[in-house]
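Biologist: I am new to this model and would like to learn how to read it, one feature at a time. Could you take me through it slowly?

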Amino acid sequence: MKEKAKILDKETIQKAVQRMAHEILERNKDKKNLVIIGIKYRGAFLAERLVKAIEKIEKTKLLIGALDITLYRDDLTEVAEQPIVHATEIGFDISGKTIILADDVLYTGRTIRCALDALIDFGRPAKIQLAVLVDRGHRELPIRADYVGKNLPTAQAEVVEVRLEESDGKDEVVICEK
Amino acid sequence: MREIITNVATNKKPVWTKKDLLGLEYLSREEIELILHTAKSFKEVTTRQIKKVPALRGKTVVNLFYEPSTRTRTSFELAAKRLSADVINIATESSSIKKGETLIDTGRNIEALKIDIIVVRHNASGAPNILAKAVRSSVVNAGDGRHEHPTQALLDMFTLKEKLGNLEGRKVSIIGDIKHSRVCRSNIWGLTKLGVHVTVCAPELLIPEGIEKMGVSTTSNINEALDGADAINVLRMQFERDSALAFPSKGEYFREYGITEDRLKKCKKNIIVMHPGPINRGVEMSSEVADGTNSVILEQVTNGIAVRMAVLYLVATAKR
């Protein structure tokens, strides 16, 4: 795959996370019930960063969880590569909570659909809001994000790669061509 | 969490490509580790309030049991149900198999019903292999003759890994009727592939000739088997069947080989005591040991569901 353009770097990613943290706090006055759950894997790292940023602004502790959505996929027996199942780590009751669901890229919306189904099997949250680092368009389901780091119009032939230090050794978002 | 990420980064993603699970003899170390890793994720599912995920929705699993079984069949049934698959149980006593239908014909009929996975237990060694060749459905061996009982060995290894972490270089002794035990054979295949030193211990007549070729040490002295072991897997003595021919008296067996608190005192302090069940209390081990702090017997039962969920999931989504 050929890299076409670098969309975000370390500094702009950090600024985007910072801004999303402020927007989350602005929309949710009741911080007591606010929790953040990231979709494994890169969404989970984004969740960690959002929690850090929010805690710095507000000096409050937030509960954090990580969700694996493999078992809820609608294409389990069709995908070219068998996905590896990982464990979900949510160490608290989500009933009555406002959940900020975090993921790296919002594309077709199918991952988010899985995540919503999975979350609701854990309890009945008061609200679920969606935070993504990049929204690249091309939705196949009626799903939208509440907090977006970067809106990025793309062609379907392009691939958006989010790289984070925790998993890839460096922070950047690039567009590649298949 | 980080460990998996490195795998993704280096692109060394383990994949499951086998239609069937017939025995641990046929698996690589990587495949065994993939099952155990997947089972870990499924164990988390079994601790949830809603213990069910939609992964195998629309798939059908049939339990085809030619031998009586309660725990294995129930465990497979629960595993399939927790994956949202539909389950049918066929016990041979109440089926046309009594009328003389052959295994392959039964298999083809089941396949004609559009069944995705056949879980089979049979008294003939190798029966699942024959069935697997005859049908396109996945076949999972739930115990065949004296050959293999792969999911039991996998749940034993899963339980060991939970307690000990990495199994490389650990010492595990298997004690009891080695000769007639498919649980033992599967454990030997699996454990040796993971780098475990395995010792089998039984009265001489219950140690099959040439078992050393499988890479294990043998002894008929219980103290040798216990000395330095990280874990012992105590097998059921089948006095109602084969075992009796080699060792007629239960009382004598308990005196010579039974696991008691006194014997455990001389072992490693945290030695793990396993048993595939059902236990003969006062034959293979004393009640104090079975219910004691070293025993993980009931955890094995719990882990059995997670391991079987992993196996059903992997064969159903295999990239053939």
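Modeller: What follows is a guided reading, with the general idea given before each case.

Modeller: This is a predicted model, in which local features need pLDDT of at least 70 and side-chain atom pairs count only at pLDDT 80 or more, while totals for chains, interfaces and linings use all residues. Residues are numbered from 1 along each chain as its sequence is written, and chains are lettered from A and ligands numbered from 1 in the order in which they are written.

Biologist: What is the mean pLDDT of chain A, and what is it for chain B?

Modeller: The pLDDT is the predictor's confidence in each residue, from 0 to 100. Chain A has a mean of 94, with 98% of its residues at 70 or more, and chain B has a mean of 92, with 95% of its residues at 70 or more. In residues 1-11 of chain B, however, the pLDDT is below 50, and this stretch makes seven contacts in the model beyond near neighbours in sequence, where a contact means that the C-beta atoms of two residues, placed from the backbone, lie within 7 Å. Where pLDDT is low, the predicted coordinates should not be read in detail. For the model as a whole, the scores are ipTM 0.79 and pTM 0.89.

Biologist: In chain A, where is confidence lowest and where is it highest?

Modeller: Helices (H or I, at least four residues) and strands (E, at least two) are DSSP runs, numbered from the N terminus. Confidence in chain A is lowest in strand β1 (residues 2-8), at a mean of 93, and highest in strand β5 (residues 127-135), at 98.

Biologist: How many residues of each chain are in contact with the other chain?

Modeller: On the side of chain A there are 16 residues, in contact with 20 residues of chain B. The chain A side divides into eight nonpolar, five polar and three charged residues, where Ala, Val, Leu, Ile, Met, Phe, Trp, Tyr, Cys and Pro count as nonpolar, Asp, Glu, Lys and Arg as charged, and the others, Gly among them, as polar.

Biologist: Which domains does the assignment give for chain B?

Modeller: Domain bounds come from an automatic or database domain assignment, and for chain B this gives domain 1 (2-149 + 304-316) and domain 2 (150-300). The centres of these two domains of chain B, taken over C-alpha atoms, are separated by 25 Å. In chain B, 23 residues of domain 1 are in contact with 20 residues of domain 2. On the domain 1 side, the elements of chain B that give two or more residues are α2 (29-46), β4 (138-144) and α13, and α2(B) gives the largest share, five residues. By class, that side of domain 1 of chain B has nine nonpolar, seven polar and seven charged residues.

Biologist: How far apart are the ends of α13 in chain B, and where is its kink centred?

Modeller: The expected span of a helix is 1.5 Å times one less than its number of residues. Helix α13 of chain B (residues 297-316) has 20 residues and should therefore span 28 Å, which agrees with the 29 Å between its end C-alpha atoms. A kink of about 30° is centred on B:Asn303, the bend at a residue being the angle between axes fitted to the seven residues ending there and the seven starting there.

Biologist: Is A:Phe45 buried or exposed?

Modeller: A residue is buried if 20 or more other C-beta atoms lie within 10 Å of its own, exposed if 12 or fewer, and partly exposed in between, with C-beta atoms placed from the backbone. A:Phe45 is buried because it has 23 other C-beta atoms within 10 Å, and this residue lies in helix α2 (residues 42-58) of chain A. Leaving aside neighbours within four places in sequence, A:Phe45 is in contact with A:Gly38, A:Leu164, A:Glu166 and A:Ser167. By contrast, B:Glu212 is exposed, with 11 other C-beta atoms within 10 Å.
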